[in-house]
Structure formats: structure tokens, C-alpha cells
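Try each task before you read its solution.

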Amino acid sequence: MKRALIPLALFLVVAGFLFRGLYLDPREVPSPLVGKPAPQFSLPRLDDPTKTISPKEMLGKVWLLNTWASWCPACKDEHPLLVELSKSGFVPIIGLDYKDTNPEAQQWLVEAGNPYVANAVDADGRVGIDYGVYGVPETYLIDKKGVIAYKQIGPITIEALRDKIIPLVKKLQTQ
Amino acid sequence: MIPEIGHFSLILALLVALSLGFLPIIGAARGNAVWMGLARPLARTQFLLIGFSFLCLGYAFATMDYSVTYVAANSNSKLPIQFRIAAVWGGHEGSLLLWALILSVWTVAVSMFSKHLPDDMRARILGVMGLISVGFLLFMLMVSNPFERLIPAAMDGRDLNPLLQDPGMIFHPPMLYMGYVGFSVAFSFAIAALLGGHLDAAWARWSRPWTTAAWVFLTIGIMAGSNWAYYELGWGGWWFWDAVENASFMPWLVGTALIHSLAVTEKRGSFKAWTVLLAICAFSLSLLGTFLVRSGVLTSVHAFATDPRRGVFILAFLVIVIGGSLLLFAWRAPTVGRGGKFDVVSRESFLLANNVLLAVAAISVLLGTLYPLFIDALGYGKISVGPPYFDTVFAPLMTPALFLMGIGPIVRWKNASLPELAMRLRWAFGVSLATAIILPLLLGNLTPMIGLGLFLAFWIIATTVNMVYLRLRGQDQPLFTRVKAIPRAWWGMVIAHLGIAIFTLGVTIVKGFESEIAVRMAPGDVAHLAGYDFTFNGVKEIQGPNYTASRGEIRVSKNGVERTVLASEKRLYTVTNMPMTEAGISPALIHDLYASLGEPLVDGAWSVRIYHKPMVEWIWFGCLMMAFGGMLALSDRRYRIKKRAKNLAEMSEKEVLA
């Protein structure tokens, strides 16, 4: 009798894992950069290409780095949320304009509103490679010491903002 | 209106399935002949209702009714008619309907060809199949209704996934499902036997043809899928250890073990509990495969859009069916007894070893498939398990299995003598070893894996030839009469085993000797591979029914003599805006020449990949031989003899004794 129960026991273990698996997303790839310092860069600003911008300037602040592009439809989905967020003044957002052309990017910000404190122009996508960007939009939450605390892959949703990003920003700001 | 009728028909089918699932089983428990007798008419009614429902969905596809969500999501007005029909099972809801339809086909088949079974046994078998059907029909009606309306209707459909717009789509899924679902018959026989408490040789004898039939379909289904992947995915591979391929391969491995173990149970009465367990596992793995494909738990090229409610439903169904039957097994199996004794050297032990190896192989495939999920669920991060794991695990398991395969069929039941065996097989051993060393040396590449693969393939051929020779030798009748005198089931085994040898040869040669190049080719450029010259003729734009394509021609010649022309297409399906590559293949017995267009470069040049695949067709030919062997075994005359009278006589005898 005991031996005959082994198959059942094995199956129940597998079923337990399968149940857990239903609530995991196999496509969600964690960023190896979470917990590591944000890669440094020095890129021209979108509004004034003669000036540059670098993550060093944000040391001491909790901030979001949002990769986007005017050619990216999903970025347009999350854009209104970013605009709302910037109006609240809760957390500064730096844009990383990824593989884009300046006139089109500026045109888009005029049309849809500009939630960004500043935008870095990553025309050839080199900085994107450092950050492990494999699809825009992606958003990084970076703490006061310049360490990446969280990565959002794909558009920011209301749920992600409410349940993950805002609580995390609050926590990091008090540190 | 037609979709509503189809939907209603499906609801009626659920009610019939519920009756089929409960009344005959209760009738069998109480000895109520009327309730048991309901099984057959209910099985037929269920088939008619589901079949009608399937026709309604097919009609919606044929008439392009885009007010049905499922049709709008998987079809398009420009889609050619044969794919519009195949699109019925191109998505989640429709493939479930196909599943349910095929289950009802098997149920009807059992009800028709089970006249020789005792009434209570038949009632229980059909009842268990009815219960499985209840699960699938409920699943469809609750969370995956193919007849759901889209109001307002779509102007046109979103089109069938271009990957599926291929003749393979017409045959591969129905064949695969016939195999998957076919194991439900062996499963139901096992559950019915556990419920009824008589696990005997008769049970094994009845299960055998059904198991073989399901196995034949599954073999053809897997082979068709592998062949399809070979020419459709455009990189010349024929097996990828993709999660869903594995999901079809695991039931095949266990099903193969089951076929052999049933033979022992029938002939010698041994392995009873083990055989029942295999019957349960083969179907459980089919169900698990369905779960893996439908739930989105694993990423795969086959994955459908996911909905967590669906996943929870299938998992609950899985726990009830598999958990329930394993519980029944734990409760009843210890009482079935041990069966006949046998020595270490006997056909029983060889078949036991075969069973253990196949089961371990299935478990290691399961482990590799689910390992990423285990690791993720335990919070250790994301990993993926690929061909290196499976290749590493598979070769050591299959080597002894194939070696024993050569010996098993010629060993005597119960006890045999090892020295006698060694004497008999020394020539086969010597010949295959010599061939395995000399042949690769002649071909110019001897590695341990090539040598091993060739040795095993020739070993199976040599031992099989030896066996056939000894069996036909030394009688006075003409050869044809002697061939006819041996049961077809035995010939079926011979052909299936030779199929394994052909398959092994194909795999070994293609892995050991294939070559490929990736080149940039402008019109007029010549590339060289495996002694052939490939001249690029440039690319023409062509217009398909629902795609535009760049069609590149590559002329193949050897020593200045033109051999063939390969045409590869880079298609863009206009509705879904998805690019697809159609490889240009010239298949032959000796080798395939295979070309696929990559990306357009400047000045009319293209990146082109060219492959030389020696003996790759043998892989699929070997699979077809296995399937043909199975069919031959099914046509054995012992399955055509009416056994009812004999069984009745046995039963009344038992009653007298009781």
C-alpha cells in the first residue's frame, strides 16, 4: 500500500508547482542590474544638444529613468500616466530617448505633454545596451546612491505604479 | 443562428456525457443491466452532438462569419479554403473542440468494438470515458466557448497565425490528438479494471489493440510535427526539445513502454500493477501536455494566449483525474498479485529493463521540461533547459535500451541461457561492430557518437535479420506460406524495430555529417557546399492569396551538371504583418539540399543559408515504419475473432465455482 502511494505523492508535488506556475510569468525576465549601480553615461540633452546630461547629476535623489521613443506605440499608452505622475511632483523622471530622431521626439512631447525633467538622446542605442534594454518602454527606479532598485519592463500600468513603484519610491525617499 | 445551434448542441453533449459518466458505472456497481446498457446509446448520442457542434463551427469558418469571436480571431477572408477549415483547430477553443470530438470518436469506437467484453466491464470503460468528456465539455462551456459572439461583428478576421498556414496544420494536430486522446482508452480500461477488481490476462488482451492504435497515431503525429518544423521554421532542425514537443514525446515514451508491458501481462500474467500504472501515466502525460500548452505556464512556440482562469480549471481537472486515478491505484493495486515468476535471463527481464529505461527517459524529459518552472517557483531565478541537457541525458538511456532491443525478442520467456544467447548473437555483434568502425572511416569522420549510433542501428538490423532467418528456416513449405504462417503481430514488431534502426541511422548520420554555410549572395554568385555548386538566380516578387513574397531561386549543380533548383520564399503575410520563411528543399534518399533566404542586403543581394543534410529523410521514414509495424500488428487475425461466446462460458463457470 505504501509503495503504491509513491506515484500519487510525486504527482501532487508536481501539481503544487504547476499551481504556483500559473501565477508566474515565464516571459518576465528579471534585470541582472537590479541592486547594482546604474550604468554611467553622458549624453546630449534633447532640448539643447550642446549640453549633456548624466546620472551623476541625480545623486541624492530618487528618480525614474524612462526609455521611450516617438516610434513606439506602447510608449504612447503609458505617456498619460507619466504626465500625471510628473504633475504631482512626486518623483522626477528623466527620459532616455532611444534610437529616435530629435525633431519627431520634440514634436511628440509638444503634442502629448512633457513629463520629463530632462531627456538624454541615445541615438545609436549604446546606453540602451548598457542598461539591458530589449524593448521600449522600460523604466528604471534609481535610488539616492545611484543604485537601480526596480525595473519595469513594458509600459507602466496603473497597478504597477500603485502597487510597486509608488510604495518603493516612498520607502527609498526616507532612507 | 448556426453558432447558437452549435453551442446548444455542445450543452446537450455535456448532459449526455454526464449521464454516460454516472449511470453505467452505478449500474455496473449495482448489477443493473438496464443502466449498464445505456452506455452504448449514450456514447453514440454524444458523438453525434459533438460532431454536429464541430460542423457548426466549421460552417462558421467556411462562410466567414466574423460575428463569432473565435472565427474573427483565427481566420480572414483572404485565407485559402483549406486553411480556413484547418483554422477550426488553429486556436485554443477550437483545438479543445477537436479534442472533445476525437474523444467521442474513440468512445464510439470502443462501444462498437467491445461486444466481446463482459457487460459490466464495457459499462465502466465507457463511463470513465464519459467522465473525461465531462471535464473537457465543461471547460469549453465555462471558459473557452468557441461559439461566443462578437457584437458588433468584425469587418474581417485577424487571420490564422502564418506559421500554421501550411499543409502540416491539416494533418499534424488531428493525428497528434488521435494519439493523445487514444490513450484515454487504455486509461479507461485500467480504471475500469481497478474499479471492477479483475486485473487479468483478458484485460491486457483487450487493452493491447487500443493502445497500439493510439500509439500509431501518436507516432505519425509526432513525425508530421517534426517534418513540419524542419521545412517551416527554416533552420533545418527537426527536433528542438521545445516544451510542447516534449509534451507529445513523453506520452509516446510511456506508451511504448505500455505496449511492451501489456505483452508481458497478457502472455505471462506478470507486471500487472506496473502495466496499470503505465496506462494511467500515458494518459496523464497527455493531459499534462494539454495543460502545459493551454495554461501558458511554460514559454513555447506553441503557446496560446493565456487566461489564468483557464489554467486553474485545467489544473483542477488534472488533479481530479490523475490524482483520483493514482489514489484508486494505490488502493487497489496491492491486491492484484504478482503473476508468474521469471529468471534474471528471460524475456520478462529484458522487457522489464526496456520498461524501466523508457520510463526513466520519460521522467528525465519531464524533469527537463518542468525544471525552469521548479526553479522559478522556488525563487532561484530564471533558467532555460535546452538541447544540451536532453542530448546528454538521452544518449546514455537510449544506448542500453537499443542494445537490449536487439536481444529481447529472441530470448525465451521465463528462463534463458546466457551462453547460448552469446553463441547465437556473436555474428550479429561482430558484423555490426565492424560496420560501425569501417563505415565512418570510409566516410572520413569517426567519432565515438557516430560509431555508437551506427553500431546500435546495425546491431538492431543484424539481430532482427538473425531472428527472422531462424524463424523461417528449416521447414518444407514454400517461403510465402511460412511467412503467412507467422502472426502479423510478430511481423509488425519486426518492422517497427527495423524502423527504430532506420531512425537511429538517420539521426546518427545527419548529426555526424551535416554541413551548412551562411553566405551573402548577389544574383550570379556561386556558393560551394558538400561538393555542390549553388548559383543564386536572384529574387522575384510574387503575390500569394494572402501574402506577398520574395522568391529566390538557387540552381544546384555538381561538376557542371545541373541537379535541381531550390526555391526559397521570404513571405510577408499582409493581415498579421508577419514575415515567414519557406525553405527550398530537394529531398532525396541520400541527402537533402536545403536553402533558406535570410534578409535582403544592398544591391539585390541576400543573406542565404544553405544546408547539406545527409540521410535526414530516414528519420521520418523510420517513424513511418514504426507506425506501419503498429498497423500490421493491429491487423492480426486474433483481433478479428469473436470472443464473446468464450467469455460468456468462462463467466458462467466462475459463477458456478463461486
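**Exercise 1.** Find how the axes of helix α14 and helix α16 of chain B are placed, and which residues make the contact.

*Solution.* 
1. In this predicted model, the axes of α14 (residues 387-407) and α16 (residues 448-472) of chain B come within 8 Å and cross at roughly 20 degrees. Axes are lines fitted to C-alpha atoms over the stretch in contact, with angles from 0 to 180 degrees between N-to-C directions; helices are DSSP runs (H or I, at least four residues) and strands are E runs of at least two, numbered from the N terminus.
2. That angle makes α14(B) roughly parallel to α16(B) (under 35 degrees).
3. On the α14(B) side, the contact (C-beta atoms, placed from the backbone, within 7 Å) includes Thr399(B), Leu402(B) and Phe403(B). From α16(B), Leu456(B) and Trp459(B) are among the partners.

Residues are numbered from 1 along each chain as its sequence is written, and chains are lettered from A in the order in which they are written. Local features need pLDDT of at least 70 in this predicted model, and side-chain atom pairs count only at pLDDT 80 or more, while totals for chains, interfaces and linings use all residues.

**Exercise 2.** Work out the strand order of the open sheet in chain B and name its edge strands.

*Solution.* 
1. The order is β1-β9-β8-β7, with antiparallel pairing (strands pair if DSSP finds at least two bridges between them).
2. β1 (515-521) and β7 (584-586) of chain B are the edges, each pairing on one side only.
3. Seven bridges join β1(B) to β9 (residues 606-614) of chain B; Glu516(B) has Tyr611(B) as its bridge partner in β9(B).

Conventions. Angles under 35 degrees count as roughly parallel, over 145 as roughly antiparallel, 65 to 115 as roughly perpendicular and the rest as oblique. Two residues are in contact if their C-beta atoms, placed from the backbone, lie within 7 Å.
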